Amino acid sequence: MKHNILLVDDSRTDARIASHILGKQGYNIFEARSGEEALEMVRERDYSMMLLDVNLPGISGFDVAQRLRAADSPYYFPIIFVTGTAAEQSAVFDGYDAGGVD
């Protein structure tokens, strides 16, 4: 069984690279360009994992994770935050507080 991974990144180049690498490993990759689009896609199918950019247009990656981890949310899968900027220690803690696993 192939696992579905939701890749959320507004950079087409970064998403293309990650999709290529993960696709070669046999994963089904689904891409969203914004937090809002990611939340819509989560309602449409099951995912084994989400790779979530921190800096997105509209709502941030942290906000997406918090919504998915809300008490009334039926969605649970590992969330791994990715970012192209150097993360300060406080941002790392923010990611964990939002529900990320890494």
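1. In this predicted model, M50 stands opposite I79 of strand β4. The two strands concerned, β3 and β4 (residues 79-82), run parallel and are joined by 4 bridges. Strand β3 also pairs in the parallel sense with strand β1 (residues 4-8), again over 4 bridges. On that side, M49 in β3 is the bridge partner of I5.

2. How many residues of β3 (residues 49-53) are buried? The count is 4 of its 5 residues, and the strand is thus described as mostly covered. For the protein chain, 36% of the 102 residues count as buried.

3. The order of elements deserves attention. From the N terminus on, the protein chain runs β-α-β-α-β-α-β-α, which comes to 4 helices and 4 strands. Within this order, β3, helix α3 (residues 61-68) and β4 make a right-handed β-α-β unit.

4. The largest nonpolar core has 21 residues, and those touching the most other members are L6, V8, M50, L52, L68, I79 and F81. At least two residues of this core come from each of β1, α2 (35-44), β3, α3 and β4. A second, separate core of 6 residues includes I5, L7, L22 and L51. As background, nonpolar side chains in soluble globular proteins tend to be buried together.

5. Residue L6 illustrates contacts between separate parts of the chain. Apart from neighbours within four places in sequence, L6 is in contact with residues including F30, A38, M41, V42, Y47 and M50. Across the protein chain, 55% of the contacts with a separation of 6 or more are between residues 24 or more positions apart.

6. The whole structure contains 3 aromatic pairs. In one of them, the ring centres of Y47 and F77 are 6.4 Å apart and the planes meet at 70 degrees, so the pair is edge-to-face. Y47 belongs to the loop between α2 and β3, whereas F77 belongs to the loop between α3 and β4, 30 residues apart. Both Y47 and F77 are buried, and together with F30 they form one aromatic cluster.

7. Why is the pair of F62 and F81 edge-to-face? Their planes stand at 65 degrees, with the ring centres 5.1 Å apart, and an angle over 60 degrees counts as edge-to-face. Because F62 lies in helix α3 and F81 in strand β4, the pair ties together parts that are 19 residues apart in sequence. F62 is buried, with a relative accessible area of 17%; F81 is buried as well, at 14%.

Definitions and conventions
Residues numbered from 1 in each chain as written. Predicted model: local features only at pLDDT ≥ 70, side-chain atom pairs only at ≥ 80, totals over all residues. Heavy atoms only, no water. Buried < 20%, exposed > 50% of the residue type's maximum accessible area, 1.4 Å probe, protein only. Pairing = 2+ DSSP bridges. Right-handed = clockwise from strand over helix to strand, strands pointing away. Core = buried A, V, L, I, M, F, W, Y, C linked by side-chain atoms within 4.5 Å. Contact = heavy atoms within 4.5 Å. Phe/Tyr/Trp six-rings, centres within 6.5 Å; stacked < 30°, edge-to-face > 60°.
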